[in-house]
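Subject: Structure handover

Hello,

Here is the structure I said I would pass on. My notes on what was found follow below it.

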Amino acid sequence: MSTLYGVAAEFADPGALVEAAKGARDAGYRKMEAYSPYPIKQVYEAIGDRRQLPPIVFIGGLLGFLTAWSMQFYIAVISYPINVGGRPLNSWPSFIVIMFELTVLFASVFAFCGTLMLCGFPRPHHPMFNLPRFADASNCRFFLCIEASDPLFDAETTAGFLAGFEPIEVMEVNDD
Amino acid sequence: MATIEERQRHAARRPDPDISLPLIAPSQTLVTVTEQVSSIPLHRRAPRLWWVMFGFGLFLLSVFGVAVTYLIGKGVGIWGINIPNAWGFAITNFVWWIGIGHAGTLISAFLLLLNQSWRGAINRLAEAMTIFAVMCAGMFPLLHLGRSWIFYWILPYPNTMTVQPNFRSPLVWDVFAVSTYFTVSLLFWYLGMIPDLATLRDQSRNRIAYFFYGVLSWGWRGASRHWRFQQTASLLLAGLATPLVLSVHTVVSFDFTIAILPGWHSTIFPPYFVAGAIFSGFAMVLVLAIPIRSVYGLHNLLTERHLNNCAKLTLATGLIVAYTYAIEPFTAWYSGNQFEMFMVHNRATGPYAWAYWSVIFCNVVVPQLLWFRQFRLRPKLLFTVSIFILIGMWLERYMLIISSLHRDYLPSSWANFIATFWDNATLYGSMGLFLTLFMLFVRFLPIIPMYEVKELLPYSHPAREGVR
């Protein structure tokens with residue numbers, strides 16, 4: 001038994017996708033997603049997702065900095081102090097390089113993993129892949145899918161609404 | 001005083017001829033870009049030249065395997081290194097390879113931050129070059145350790161010997177700088193490739209390719225959420241990689257400058273090394289991009305504009321390098337230090353004078369040809385100039401290391417360095433590692449970032465904007 005995931009419209013033109021996404025937003029739809037072969041900034045706002053990557057990266061950078069600082073301080077001062085010509089053990093200027101490197105390293109790893117997490121990856125299967133021509137979403141076509149979980153969703157009216165934006169086709173997306 | 005209007009009129013009369021070069025050939029569409037790029041790994045048979053280069057790479061790689069096996073069995077005595085020339089080829093190769101990597105990050109990170117859209121078509125290739133070059137570079141300090149199998153002693157970890165690394169040493173900084181650089185470059189490259197891997201998944205016609213690209217692309221659907229996070233992450237990684245790339249070669253140069261040897265102990269080294277690194281890296285980008293665009297017929301995507309821009313950047317960084325060559329003897333003379341002055345004199349007239357003058361010829365004289373537009377736009381000439389630069393930059397590191405080491409403060413410890421067969425086998429063998437990896441990349445991964453090229457197509461900008 002397959003359940004309805006949503007209704008999708010296929011467009012040949014990026015402008016039509018932007019128009020449809022904005023129109024759907026204005027009509028009150030919230031649970032929807034636009035699919036395109038390259039990033040289209042104009043639809044981000046219409047789709048509306050408040051989650052942010054930069055704080056995750058900042059936390060990563062901060063953790064990297066603290067790790068590098070505490071590791072070097074602990075090793076050079078407490079665990080394995082080396083007296084070089086009576087110079088201070090906590091010679092922090094020579095620790096700067098590794099503090100910088102680990103800040104960048106941790107921030108980058110957090111950026112990568114954060115992206116995968118926010119995108120919900122790995123997700124090898126998704127209802128959208130059931131659409132026969134969805135392979136074109138990574139090639140030359142633009143899709144807008146209004147999901148059945150949206151409170152305003154009704155299979156027929158939503159399909160009619162999407163048909164108003166001159167799509168190539170409006171299709172039902174099934175989740176099986 | 002010329003008013004702004006007058007200047008604008010003047011500029012309009014003499015348009016920059018290079019701006020008129022198209023970034024992408026006309027009449028490309030989303031479909032043609034997808035088909036052209038994805039057919040290389042998916043549908044087309046590998047061209048004969050690919051097999052030749054891959055075979056050659058494998059041959060050199062096996063030479064590398066033999067050289068490394070013998071090295072591990074016998075010890076670093078098989079190389080020409082001695083005291084005082086303890087660094088020899090190993091560190092020369094290390095600095096050369098890691099320098100080559102720098103242009104890739106420069107193209108992918110600096111130019112992204114500066115909004116230079118021309119980087120689009122070339123950045124994947126340049127980043128792949130970075131990763132493979134850093135892999136080659138990373139081998140050499142480990143091999144040079146002598147007992148490579150206990151390389152992990154340079155890392156801080158709780159151990160039964162109760163010893164720890166000395167964080168005041170630039171050699172330890174190097175370990176962190178190079179490993180961070182490799183990791184960040186790899187993540188940046190892969191994150192940028194996920195959408196294209198999804199395109200390959202969707203275009204594939206057999207199950208193996210579908211599975212392979214499907215796993216690598218994590219289930220990418222091109223959803224606007226995906227794009228937003230991926231684009232933000234790319235921008236943040238670019239912001240992180242930009243200071244990182246400067247730091248890496250700076251730290252490499254600290255290996256030299258913190259020693260008190262004449263010719264090394266100099267504050268000019270960090271910018272000098274970074275400029276030299278980017279210089280050699282752009283030469284390598286050209287050496288790789290020119291044959292690839294001609295073998296795979298990518299002239300419409302990797303256009304003359306790309307070659308021209310890379311050539312200009314090569315020239316600019318080459319001039320910085322030339323300036324440093326000029327300032328080094330001046331600093332030595334101005335210091336009034338007899339050891340510094342002897343080093344400069346000996347470098348130009350001593351037993352390694354051939355290296356010095358070859359460097360001047362390859363890195364200062366030959367690149368001046370790039371002032372001429374004819375040289376920048378003729379791929380074969382540009383390729384030749386780039387080869388000269390690569391050789392020159394390798395010799396520069398050789399000259400820096402050997403000419404300072406072989407005549408240090410104590411004449412009783414002077415000795416010359418003569419490279420052995422195994423020195424050469426390791427150097428050329430590492431090129432085999434690079435070539436093999438690069439050929440595999442060309443064969444199995446999308447060498448042109450499809451979505452970035454698609455963004456540049458005039459068609460791609462939503463025409464019916466302003467609905468709101």
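A crossing of two helices is called left-handed if the near helix is turned anticlockwise from the far one by less than a right angle, and right-handed if the turn is clockwise. By that convention, helix 9 of chain B and helix 10 of chain B cross in a left-handed way. Please keep in mind throughout that this is a predicted model.

Helix packing in chain B

Two packed helices are described by the angle between their axes and the distance between the axes. For helix 9 (residues 269–295) and helix 10 (residues 304–335) of chain B, the angle is about 150 degrees and the axes are 8 Å apart. Angles over 145 degrees count as roughly antiparallel, and helix 9 of chain B and helix 10 of chain B are therefore roughly antiparallel to each other. On the helix 9 side of chain B, the contacting residues include B:Tyr272, B:Gly276, B:Phe279, B:Phe282 and B:Leu286. Helix 10 of chain B contributes, among others, B:Leu307, B:Cys310, B:Thr314, B:Gly318 and B:Val321. Sorted by class, this contact has 13 nonpolar and 5 polar residues, and no charged ones.

Contact between the chains

Chain A puts 59 residues into the contact and chain B puts in 52. On the side of chain A that touches chain B, at least two residues each come from helix 1 (14–26), strand 2 (32–35), helix 2 (41–47), helix 3 (54–79) and helix 4 (96–119) of chain A. Helix 4 of chain A gives the most, with 16 residues. The residues on this side of chain A comprise 41 nonpolar, 12 polar and 6 charged.

Backbone points to check

Most residues other than glycine have a negative phi, and most peptide bonds are trans. The exceptions I noted are these:

- The peptide bond from A:Phe121 to A:Pro122 is cis, with omega near -5 degrees; A:Pro122 sits in the loop between helix 4 and strand 3 (142–147) of chain A.
- B:Ile83 and B:Pro84 are also joined by a cis peptide bond, with omega about 20 degrees. The loop between helix 3 (48–74) and helix 4 (88–113) of chain B holds B:Pro84.
- B:Asn115, not a glycine, has a positive phi of about 60 degrees and lies in the loop between helix 4 and helix 5 (123–144) of chain B. B:Asn115 counts as exposed because it has 7 C-beta neighbours inside 10 Å.
- B:Thr162 has a positive phi near 50 degrees, in the loop between helix 5 and helix 6 (170–203) of chain B. With 8 C-beta neighbours inside 10 Å, B:Thr162 counts as exposed.

Regards

How values were computed: Residues are numbered from 1 along each chain as its sequence is written. Chains are lettered from A and ligands numbered from 1 in the order in which they are written. This is a predicted model: local features need pLDDT of at least 70, side-chain atom pairs count only at pLDDT 80 or more; totals for chains, interfaces and linings use all residues. Axes are lines fitted to C-alpha atoms, for helices over the stretch in contact, and angles run from 0 to 180 degrees between N-to-C directions. Helices (H or I, at least four residues) and strands (E, at least two) are DSSP runs, numbered from the N terminus. Angles under 35 degrees count as roughly parallel, over 145 as roughly antiparallel, 65 to 115 as roughly perpendicular and the rest as oblique. Two residues are in contact if their C-beta atoms, placed from the backbone, lie within 7 Å. Ala, Val, Leu, Ile, Met, Phe, Trp, Tyr, Cys and Pro count as nonpolar, Asp, Glu, Lys and Arg as charged, and the others, Gly among them, as polar. A residue is buried if 20 or more other C-beta atoms lie within 10 Å of its own, exposed if 12 or fewer, and partly exposed in between; C-beta atoms are placed from the backbone.
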